[in-house]
Amino acid sequence: MIEARHLRVLRTVAATGSFSAAGRELGCTQPAVSQQMKALETSVGTPLLVRTGREMRLTQAGEALVRHASGILAGLTAAEEEVAAIAGLRAGRVRLVSFPSGSSTLVPTALAALRAAHPGTRVSLEESEPPQSVDKLRAGDCDVALAFRYEGAAGAEEWDDLVVRPLLTDRLVALVPERHRLARSQSVAIGELDGEPWIAGCPRCRGQLIEVCAGAGFTPRIDFATDDYPAVVGLVGAGLGVAVLPQLAIESVRPRGARAVTLEPAVRREIVALTLPDLAQVPAVRATLDQLARAAAR
C-alpha cells in the first residue's frame with residue numbers, strides 16, 4: 001500500500017535531487033528520508049531511485065509515480081479541506097424526514113436556527129409518516145427521522161438500534177364542530193363520542209383511534225379518512241363529524257368552525273428525532289438534533 005507521506009518524500013527527492021536536500025526541505029534527517037524511500041520501494045516492489053554520484057535519478061517507475069503523485073496529493077489535500085469544513089460545520093448536508101405536523105411546527109424553527117448558526121450546512125426535507133420514515137433511516141435514505149409513537153400502543157416498534165433524542169410529549173385532543181353538544185365542555189371522554197360520524201387521519205393514527213375507542217367499548221363509524229390535517233379540520237368545521245388530532249397538528253392549522261376539547265383519559269404520543277449511531281457523531285447531524293430539541297422546548 002502506497003502511503004501519502006512516502007509520496008510527498010519521493011516528490012521532494014525528485015525536486016531537490018538528493019536525500020540530504022530533501023531532508024532539509026522536509027525538516028527531517030537524511031537517514032529518515034532514505035528509510036521512507038526504502039519503504040516505498042518495498043511497497044511498489046521495484047526501484048524508484050538510482051544514485052548517480054551525489055544526486056539521485058528517478059527510474060522509469062519513479063517517474064511514473066512522481067507524475068501521479070501531484071494529482072494524488074492534490075486530491076488528498078482537497079479531501080482533507082472538505083472534511084475539515086464539514087467537521088467545522090462550514091459545509092455539510094443533512095437529509096431530514098418528518099411527519100406533516102412536525103414539518104409545519106418543529107422543523108421550520110429548527111432549520112431557521114440551524115441556517116443562522118451554520119449557513120454552510122444544507123438540509124433537505126421529505127415528508128413521511130412512521131414507520132416508513134424509520135425504515136428510510138435504517139435503509140440509509142435519510143440522516144434524521146422525526147417520528148412518533150403512542151404511549152402504551154400495542155405492537156409499538158423498537159428503536160433500540162437507533163439514537164433516540166426525545167423532543168416532547170404530544171397530547172391528543174377531540175375536535176368537534178362549534179355547534180356540537182360538547183363544544184363548550186372543558187373535557188370529553190372518548191366514550192361520549194360513540195355514535196358520532198368520524199373523520200380519521202393517517203393509517204397509523206386511524207389504528208390508534210380504533211384501539212382507543214375499543215377500550216371505551218365502541219367502534220367508531222369512520223365516514224371520512226384523510227392524511228391532510230387541514231382537510232380533517234375543514235370537515236369537522238363543516239359539521240360533518242368529529243375527530244381526534246394531536247395537539248401539534250392543531251397548532252399548525254387554524255380550526256375554523258371547530259373547537260378543540262381536552263380528551264380524557266389522556267392519550268399521548270412521544271415525539272422523537274432518530275438517527276443511526278454512526279451518524280450521531282457527524283457534526284451537521286448532531287447540530288440538527290440539537291436545534292430540533294431547542295424548537296420543541298419553546
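Mentor: A residue is called buried when its relative accessible area is under 20%, exposed when it is over 50%, and partly exposed in between, using a 1.4 Å probe and protein chains only. The model is predicted: local features need pLDDT of at least 70, side-chain atom pairs count only at pLDDT 80 or more, and totals for chains, interfaces and linings use all residues. Residues are numbered from 1 along each chain as its sequence is written, and side-chain values use heavy atoms, with hydrogens and water left out.

Trainee: Why does His6 count as buried?

Mentor: The relative accessibility of His6 is 4%. The limit is under 20%, so His6 counts as buried. His6 lies in helix H1, where a helix is a DSSP run of H or I with at least four residues, a strand is a run of E with at least two, and both are numbered from the N terminus.

Trainee: Which residues does His6 touch, not counting residues up to four places away in sequence?

Mentor: They are Gln36, Met37, Ala39 and Leu40; contact means heavy atoms within 4.5 Å.

Trainee: At what angle do H1 and helix H3 pack?

Mentor: H1 and H3 (residues 30–44) pack at about 115°, with their axes 9 Å apart. Axes are lines fitted to C-alpha atoms, for helices over the stretch in contact, and angles run from 0 to 180 degrees between N-to-C directions. Arg5, His6, Val9, Leu10 and Val13 of H1 meet Val33, Gln36, Met37, Ala39 and Leu40 of H3. By class, this contact has seven nonpolar, two polar and one charged. Ala, Val, Leu, Ile, Met, Phe, Trp, Tyr, Cys and Pro count as nonpolar, Asp, Glu, Lys and Arg as charged, and the others, Gly among them, as polar.

Trainee: What makes H1 oblique to H2?

Mentor: Helix H1 (residues 4–16) and helix H2 (residues 19–26) pack at about 120°, with their axes 8 Å apart. Angles under 35 degrees are roughly parallel, over 145 roughly antiparallel, 65 to 115 roughly perpendicular, and the rest oblique. H1 is therefore oblique to H2. H1 passes H2 in a right-handed crossing; a crossing is left-handed if the near helix is turned anticlockwise from the far one by less than a right angle, and right-handed if clockwise.

Trainee: Is the crossing of H1 and H3 left-handed or right-handed?

Mentor: H1 and H3 cross in the left-handed sense.

Trainee: Why does Thr288 count as buried?

Mentor: Thr288, found in helix H10, has 2% relative accessibility and so counts as buried. Not counting residues up to four places away in sequence, Thr288 touches Val94 and Leu114. Thr288 and Ala110 are 178 residues apart in sequence and 7.3 Å apart in space, C-alpha to C-alpha.

Trainee: What makes H5 oblique to H10?

Mentor: H5 and H10 pack at about 125°, with axes 8 Å apart, and that angle makes H5 oblique to H10. The crossing of H5 past H10 is right-handed. In this contact, Leu106, Val107, Thr109, Ala110, Ala113 and Leu114 of H5 meet Ala287, Thr288, Gln291, Leu292, Ala295 and Ala296 of H10. These residues divide into nine nonpolar, three polar and no charged.

Trainee: Against which elements do the buried residues of H10 pack?

Mentor: They pack against helix H4 (60–87), strand S3 (93–98), helix H5 (100–117), strand S5 (144–150), strand S6 (163–177) and strand S12 (268–275). Among the buried residues of H10 are Pro283, Val285 and Leu289.
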